[in-house]
Amino acid sequence: KLSKILKNIDVIKITGDSDLEIYNVSQDTREDFTKNTLYFAIHGTQIDGHNFIAQAIEKGSIVIVCEYIPEVIKKTDITYVLVDKVSEVMGQIVSNFCENPSEKLKVIAVTGTNGKTTITTLLYQSFLELGNKAALFSTAGDFINGKKILTEKKASSSMEIIELQKNFSTALKEGCQYVCIEATSHALDQNRINGVKITGAIYTNLTQDHLNYHKNFFNYAKAKQKLFSNLNKNSFAIINIDDIYGVSMVENTKAKIISYGDIDFDNKIQRDFIFHIENFSQNNTTVSFNGEIIKTPLIGKFNMYNLLSVYICLKEFNFNINDIKKVFHKITGASGRMEIIKVRHRNVIGVIDYAHSPDALKNVLKTLQEIPHNKIITVIGVGGGRDREKRPLIGNIAVEFSDKTIFTNDNPRYDNPDEIINDIISNIFNKKSYIIEKDREEAIKKAVNLSKNGDIILIAGKGHEDYQEINGVKNHFNDREKLLEKLNN
């Protein structure tokens with residue numbers, strides 16, 4: 001009933017029958033409408049859903065949730081639900097429609113510039129290995145109890161509100177106790193997490209990214225902060241206190257705050273949990289978490305931050321420490337995140353990583369520098385249609401921390417590939433430190449041909465992606481496949 005799904009919603013006015021039965025909800029008139037559909041007239045970043053109200057009615061919508069009723073399409077047999085801002089109430093309305101599945105689940109949301117996909121995947125893998133049913137909704141794929149599910153995402157990293165709530169319902173029906181989700185800045189800013197009851201939230205870090213959307217760093221940080229401001233007193237917030245924005249993230253939260261960080265970062269910072277790297281190689285790391293010795297196949301200091309946040313989360317759910325240590329010995333995280341590629345007949349280490357922000361690239365390259373090697377050869381581009389300011393930053397970092405850099409195409413999207421590369425190299429003065437090869441496959445081939453025994457080849461920027469987007473067309477392209485192919489030739 002409409003009256004039921006409007007429970008706890010601030011409604012300005014309802015015109016028409018409020019006792020209707022609703023069979024379907026939608027925010028997109030391009031979708032198939034079933035009988036008795038409720039349509040949300042979302043005022044989005046590019047399109048105003050109010051312009052499509054007439055079309056929604058033609059397709060069979062009987063209820064319109066909107067901010068105003070266009071005069072030309074007033075109808076007596078249509079129910080209009082007037083609210084102040086559709087995007088702010090839509091999440092709770094859809095949650096009510098789906099019978100509030102997140103209230104029956106333990107939902108862990110992870111936010112930050114880097115580490116979201118790795119942490120959510122490690123958590124999901126841990127829950128399964130510890131004998132629990134769990135779901136993962138992330139950039140690297142969506143899974144329920146070990147099986148990949150197909151989702152029609154409008155964006156690669158996060159679902160729209162309706163799809164998210166329906167997948168919560170599916171996870172609940174499949175017996176899941178835990179759901180791990182990425183909370184991106186776009187999703188938080190657009191209120192796509194509204195209506196989701198979050199049990200625990202994790203903050204990783206904040207560095208430059210997505211400023212094309214947020215316009216400035218303050219707005220970017222404010223979007224991330226919303227996750228913690230909306231937590232209730234029964235939730236917990238796990239915060240990387242070594243990050244400069246860690247304290248401010250939780251200044252308005254009601255949740256229990258748990259801080260973590262690196263013992264060697266700053267001994268004046270008080271942390272609830274600390275890590276110390278005892279030893280590491282190209283294959284594994286031995287690390288201590290508050291004195292507990294952990295062995296993991298993950299490498300890199302940034303991954304120890306990630307793993308420690310997972311460790312804290314599992315402890316909050318009262319899992320046994322010895323069981324956690326056994327699980328950590330074998331879980332590997334998401335594909336395309338510091339993924340090591342080796343072939344028997346070549347003494348070259350290949351690395352695939354999603355690093356597409358300046359800080360992420362620096363973290364990966366600094367980690368690789370600590371592994372015994374001859375030279376580091378980096379292949380990288382920058383995606384089009386995104387924060388243009390980060391292009392020269394990425395170029396400088398690639399050249400500074402690599403012995404040889406090959407700049408190539410990433411996903412140019414609708415941008416001119418020549419302009420992207422010109423931006424990347426705009427502040428690099430040593431022209432001998434890099435090569436330009438716009439064809440990504442040829443760039444990978446050149447890196448392999450340049451490599452000698454003991455070298456490391458980093459292919460950065462796309463990670464798990466199996467496509468390259470050029471002028472709106474996604475063509476199959478997988479960095480891992482191409483690197484293996486060239487190494488085996």
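Predicted model: local features only at pLDDT ≥ 70, side-chain atom pairs only at ≥ 80, totals over all residues.
Two packed helices are described by the angle between their axes and the distance between the axes. Helix α4 spans residues 116–129, and helix α10 spans residues 301–316. Their axes come within 9 Å and cross at roughly 45 degrees. That angle makes α4 oblique to α10. The crossing of α4 past α10 is right-handed. On the α4 side, the contact is made by Thr118, Ile119, Leu122, Leu123, Ser126 and Phe127. On the α10 side, Asn303, Asn306, Leu307, Ser309, Val310, Cys313 and Leu314 take part. Of the residues in this contact, 8 are nonpolar and 5 are polar. None is charged.

The next element is a sheet. Strands of a sheet pair through backbone hydrogen bonds, either parallel or antiparallel. Here, 6 strands form an open sheet with mixed pairing. Their order is β17-β18-β22-β19-β20-β21. The edges are held by β17 (339–341) and β21 (434–436). Each edge strand has a single partner, so one side of each is left without a neighbour in the sheet. From one strand to the next, the twist averages 20 degrees. Strand β20 covers residues 404–407 and runs parallel to β21, with 3 bridges joining the two. Within this pair, Ile406 has Ile435 of β21 as its bridge partner.

Strand β6 covers residues 106–111. Of its 6 residues, 5 are buried, so β6 is largely enclosed by the rest of the structure. Strand β6 pairs with strand β10 (residues 178–182) in the parallel sense, over 5 bridges. In that pairing, Val107 is bridged to Val179 of β10. Strand β6 also runs parallel to strand β11 (residues 200–203), and 4 bridges join them. There, the bridge partner of Thr111 is Tyr203 in β11.

Asn36 has a positive phi of about 55 degrees, although it is not a glycine. Asn36 lies in the loop between β2 (24–26) and β3 (37–40). Its relative accessibility is 15%, so Asn36 counts as buried. Asn471 also has a positive phi of about 55 degrees, again without being a glycine. The loop that holds Asn471 runs between β23 (467–470) and β24 (473–476). Asn471 is exposed, with a relative accessible area of 52%.

Notes
Residues numbered from 1 in each chain as written. Heavy atoms only, no water. Axes fitted to C-alpha atoms, helices over the stretch in contact; angles between N-to-C directions. Parallel < 35°, antiparallel > 145°, perpendicular 65-115°, else oblique. Left-handed = near helix turned anticlockwise from the far one by under 90°. Contact = heavy atoms within 4.5 Å. Nonpolar A, V, L, I, M, F, W, Y, C, P; charged D, E, K, R; others polar. Pairing = 2+ DSSP bridges. Buried < 20%, exposed > 50% of the residue type's maximum accessible area, 1.4 Å probe, protein only.
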